Amino acid sequence: MRTFCRLMLAVSFAAAGCVSRKTAQMEARQAYMTGQQQALQAQQRAQQAEGPAVFLQGPVQYPTVPWHEGMTLSEAIVDGVYTGFMNPRVIRVLRDGQVAGELQGIDLLHHQDMDLQSGDTVVIIP
């Protein structure tokens, strides 16, 4: 009987640990989403104040670069001064909070590019 009680006690502690871990993961996701939303709002305010721009997230020296008609993804990365050691694994272009395009770093070397619009956010994942 004692062994059974100890086993039940251990199971209840383990279950409680899983719930708190899931709660922590959920809170971390919520904090991440809140941070992303705040960053998007800050970018929109900066765009209105300084004129048309493209925003870069990731290993770049300049996270905001002026946008011009006909600007491409590769131009934005060069203007932002990519500081990563290796080619990026993935480059995502977000437009109005939605993924407008996704390329691998090697795609740019193969002359696959895309046009950007003012206010786009380029997320570079090393």
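Helix 2 (73-79) and helix 3 (105-109) each contribute at least two residues to the lining of the second largest pocket; helices here are DSSP runs of H or I with at least four residues, strands are runs of E with at least two, and both are numbered from the N terminus. Colleagues, this is a predicted model, in which local features need pLDDT of at least 70 and side-chain atom pairs count only at pLDDT 80 or more, while totals for chains, interfaces and linings use all residues. Residues are numbered from 1 along each chain as its sequence is written, and side-chain values use heavy atoms, with hydrogens and water left out.

The lining of that pocket comprises Ser74, Ile77, Val78, Tyr82, Asn87, Pro88, Ile91, Gly105, Leu108 and Leu109. By class, the lining residues are 7 nonpolar, 3 polar and no charged, with Gly counted as polar and Tyr and Pro as nonpolar.

I turn now to the strands. Strand 3 (residues 90-95) pairs with strand 4 (residues 98-104) in the antiparallel sense over 6 bridges, where pairing requires at least two DSSP bridges between the strands. Strand 3 also pairs with strand 5 (residues 121-125), again antiparallel, over 5 bridges. Leu94 stands opposite Val99 in strand 4, and its bridge partner in strand 5 is Thr121. The hairpin of strand 3 and strand 4 has 2 residues between the strands, and Asp96 there takes a positive phi near 55 degrees.

Finally, which side chain does Arg95 join through a polar contact of 2.7 Å? The partner is the side chain of Asp120; a polar contact is a pair of N or O atoms within 3.5 Å, one able to donate a hydrogen and the other to accept it within protein, and residues adjacent in sequence count only if both atoms are side-chain atoms.

Note on methods: On a 1 Å grid over the protein atoms alone, a cavity is a set of points where a 1.4 Å probe fits but cannot get out, and a pocket is an open set with protein on both sides within 12 Å along at least five of seven lines; lining residues have an atom within 4 Å of a point.
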